[in-house]
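Hi everyone, thanks for making time today. I'd like to walk you through one model, step by step, so please have a look at it while I talk.

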Amino acid sequence: MRRDRHPQWWRDGWPEGYRLGAIGALIFFAGGFGDMIWHQTIGIEIGLLPSFSPTHIVATLGGVILGTSPLRSWWASGRAARARWRAWPP
């Protein structure tokens, strides 16, 4: 069990590459909550303006950090260095 090896599991029990993903989830949640407040006070944007809304930028940043967790885990495992990049396996 992971908690036996890591007594402070909330800090040390994350798999490689996923600790930053958890922070990305919190950033995404904060962006979504801020977006709800934004739309209640300012209204809904039209056209390209939603792309430049500060809350949408924060939510996108959090989503990218969260979504790239498997890539960071793969990179940290060392399999990326051993991988042979080819179009078709023989």
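Let me begin with a word I'll need a lot: contact means heavy atoms within 4.5 Å. Another one is helix: helices (H or I, at least four residues) and strands (E, at least two) are DSSP runs, numbered from the N terminus.

Now, where does this come from? This is a predicted model, in which local features need pLDDT of at least 70 and side-chain atom pairs count only at pLDDT 80 or more, while totals for chains, interfaces and linings use all residues. Residues are numbered from 1 along each chain as its sequence is written, and side-chain values use heavy atoms, with hydrogens and water left out.

First, the overview. Of its 90 residues, 16% are buried; buried means under 20% relative accessible area, exposed over 50%, and partly exposed in between (1.4 Å probe, protein chains only). Among contacts between residues at least 6 apart in sequence, 51% join residues at least 24 apart.

Let's turn to helix α3, residues 19-41. Its 23 residues reach 34 Å from first C-alpha to last, close to the 33 Å expected at 1.5 Å a residue. That expected span is 1.5 Å times one less than the number of residues. Which residues of α3 are buried? They are Gly21, Gly24, Gly31 and Asp35, and what covers the buried residues of α3 includes α4 and α5.

Gly24 sits in α3 and has a relative accessible area of 0%, so it counts as buried. Leaving out residues up to four places away in sequence, Gly24 touches Gly62, Ile65 and Leu66.

Just after α3, Gly43 takes a positive phi of about 115°. Further on, in the loop between α3 and α4, you can find Ser53. Is Ser53 buried or exposed? Ser53 is buried, at 2% relative accessible area. Setting aside neighbours within four places in sequence, Ser53 is in contact with Asp35, Trp38 and Glu45. The side chain of Ser53 also makes a polar contact with the side chain of Thr55, at 3.0 Å. A polar contact is a pair of N or O atoms within 3.5 Å; within protein, one must be able to donate a hydrogen and the other to accept it, and residues adjacent in sequence count only if both atoms are side-chain atoms.

Helix α4 (residues 54-67) and helix α5 (residues 69-77) meet at an angle of about 40°, with their axes 5 Å apart. Here, axes are lines fitted to C-alpha atoms, for helices over the stretch in contact, and angles run from 0 to 180 degrees between N-to-C directions. Who meets whom? From α4 come Ile65, Leu66 and Gly67, and from α5 come Ser69, Pro70 and Arg72. By class, this contact has three nonpolar, two polar and one charged residues. For those classes, Ala, Val, Leu, Ile, Met, Phe, Trp, Tyr, Cys and Pro count as nonpolar, Asp, Glu, Lys and Arg as charged, and the others, Gly among them, as polar.

In the loop between α4 and α5 you'll see Thr68, which is partly exposed at 27% relative accessibility. The Thr68 side chain makes a polar contact of 2.7 Å with the side chain of Arg72. Thr68 and Tyr18 are 50 residues apart along the chain, and their C-alpha atoms are separated by 8.9 Å.

Back in α4, have a look at Gly63. Gly63 is partly exposed, at 30% relative accessibility, and its C-alpha atom is separated by 9.3 Å from that of Phe29, 34 residues apart along the chain.

Finally, the aromatic rings. How many aromatic pairs does a search of the whole structure find? It finds one. The rings of Trp74 and Trp75 have their centres 6.4 Å apart and their planes at 70°, so this pair is edge-to-face. The rule is that rings of Phe, Tyr and Trp (its six-membered ring) pair if their centres lie within 6.5 Å; planes under 30 degrees apart count as stacked, over 60 as edge-to-face and the rest as tilted.

The two partners are worth a look one by one. Trp74, found in helix α5, is partly exposed at 23% relative accessible area, whereas Trp75 counts as exposed at 63%. Trp74 and Gly17 are 57 residues apart in sequence and 7.8 Å apart in space, C-alpha to C-alpha.

That's my tour, and I'm happy to take questions.
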